Amino acid sequence: MVERCECLIVGGGPAGSALAFLLAQRGLRVVLADHGRAHHSGPLETLLAPAHRLLRRSGLLELVLPHAAVDPLRHGAIWGRDAIEWRPDAEPGLLLHRGAFDTALRSALIAAGVDVRCPARAERLADGGVRLTMPDRREVLRPRHVVVATGRARPPWPCQRELLQAGPQTTALTWVGEPDPADRGTAVVEAVPTGWIWTHAPAAGPASAAVLLDADATCEHGAKTALQAALAAARGPAARMQQARLAHATNATARLHRTMGEELLLGDAASCIDPLASQGVEKALAAADHAAAVIATAVARPAWWPRLRSAHAHWEAGLFFGHAAATTQWYAREERFTETVFWQRRRTVAVPRGEAVGWDTLLVRSPALVLQQVLVRQGDVFVEADGVCDPATGEELAQVGYVSVRPLLDLFRAPGSLRTALAAAGGDARLHVLSPHAIHTGLRALLARGWLIAAASAPGSR
Ligand SMILES: Cc1cc2nc3c(=O)[nH]c(=O)nc-3n(C[C@H](O)[C@H](O)[C@H](O)COP(=O)(O)OP(=O)(O)OC[C@H]3O[C@@H](n4cnc5c(N)ncnc54)[C@H](O)[C@@H]3O)c2cc1C
């Protein structure tokens, strides 16, 4: 029998499960298929306290909170100096036992009305349908939309995914053992010459240390030798673990993908951020919140699907580059090991295009831009508003931050500099209430996109 559904989600980690929950709450028929062989980076992950705001706003609180414990660990860092620095007692985040957490989320989905298939293998059929193979049966679905949320794993069937950007090749080795009793109740991040180590030592049970190394080092010397070298240089809890064993290895390279197919990529399947951010799960939940608005709008306005899919891909890319800039700054704070390959490859600040433009360089609006109605998120759906589209990338934008894009670009209808534009903004009724800082940030965002170009290079300037 062929079943119809509004959305098939392949992959039931935090991203896929959260999206399924939000869509089911909006009354859509959703099927979630997971192959049941998740390969978690480690047994414990943390969700930082600021994620609470997102959970509350998106309605995901009731899905996530019952299955996560308040993080009881004391957090510290040995970073940029030899001594440990304990983070001041702030609002605690959540501690996730990832395997159990993901399984509990999927069970909660059934109560929310989602059809969960686990374990299930998904294959795309030539006629556009998707066949799900379960241990006891097969089923063919004809979903209106397919979301691929398969994490860092290779996506199914294969989905035509293209790598757009990658950070330095990184391997995460998970080391599990008995912590020193004095280290119990702590989570410590520690820089060593060949990488960094993140150790969780709960009050009871084994400790786990994620050891992040340059992939070249693990290829050249072998994972165990590279791991031992990192641990030998450590001073924190990882160095004191007993009876420890290598549990597994994960490719932890920061990567940004896009799909050439009709599916929507979600969570790590779209973009993996550097684990140093400790925000992969938060990003996955935020992505689900954004994608729920995309799918809900597409069900009501099918013709908008290509633009909505593109809006989501640009949203994922924006977050990826934001995280890349933040982690690069964090790596640059470690100045003890500047000679080693690991730190040299990670401390170069990613300068967005156009950042080098000076205050008095003459600029104009790129003639390629098209002023048109663009899609903007309004609550749970997308609507059209005045904005700008870049035909080269398909990006549609009405605002950068809370500044409207059109009046910003209008400042450069004739050649002008950042300095003259800031002065002129004060006389523009649409901009004058905004702070110069907000306008300057907005202009830098347009420069980074190549939407403002040097007047000397504009067509017809000679
Ligand atoms: C070393 C390391 C440490 C990290 N620590 C943290 C941390 O402390 N805090 C944090 O927030 N983030 C952390 N992260 C990041 C976090 O693990 C991910 O960002 C997050 O799990 C992404 O969620 P997701 O749902 O996109 O993917 P995943 O969690 O990977 O889920 C993917 C799901 O898809 C399923 N699947 C895969 N392939 C298929 C297929 N072909 N068919 C069907 N199903 C499939 C899997 O079974 C799995 O359930 C860390 C990452 C690494 C590498």
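Author: By class, the shell around the ligand holds 16 nonpolar, 15 polar and seven charged residues, where Ala, Val, Leu, Ile, Met, Phe, Trp, Tyr, Cys and Pro count as nonpolar, Asp, Glu, Lys and Arg as charged, and the others, Gly among them, as polar. This is a predicted model, in which local features need pLDDT of at least 70 and side-chain atom pairs count only at pLDDT 80 or more, while totals for chains, interfaces and linings use all residues. Residues are numbered from 1 along each chain as its sequence is written.

Among the 38 residues around the ligand, those that come nearest are Gly11, Gly13, Gly151, Gly267 and Gly280; a residue counts as near if its C-beta atom, placed from the backbone, lies within 6 Å of the molecule. Two or more residues of the shell are given by each of helix 1, strand 3 (44-47) and helix 7 (280-300), these being DSSP runs numbered from the N terminus, with helices (H or I) of at least four residues and strands (E) of at least two. Helix 7 supplies the largest share, four residues. At least three residues of the shell come from each of domain 1 (2-70 + 93-163 + 256-333) and domain 2 (170-251), with bounds taken from an automatic or database domain assignment.

Helix 1 (residues 14-25) also packs with helix 4 (residues 98-111), at an angle of about 15° and with axes 10 Å apart; axes are lines fitted to C-alpha atoms over the stretch in contact, and angles run from 0 to 180 degrees between N-to-C directions. Helix 1 and helix 4 are therefore roughly parallel, the word for angles under 35 degrees.

Methods. Parallel < 35°, antiparallel > 145°, perpendicular 65-115°, else oblique.
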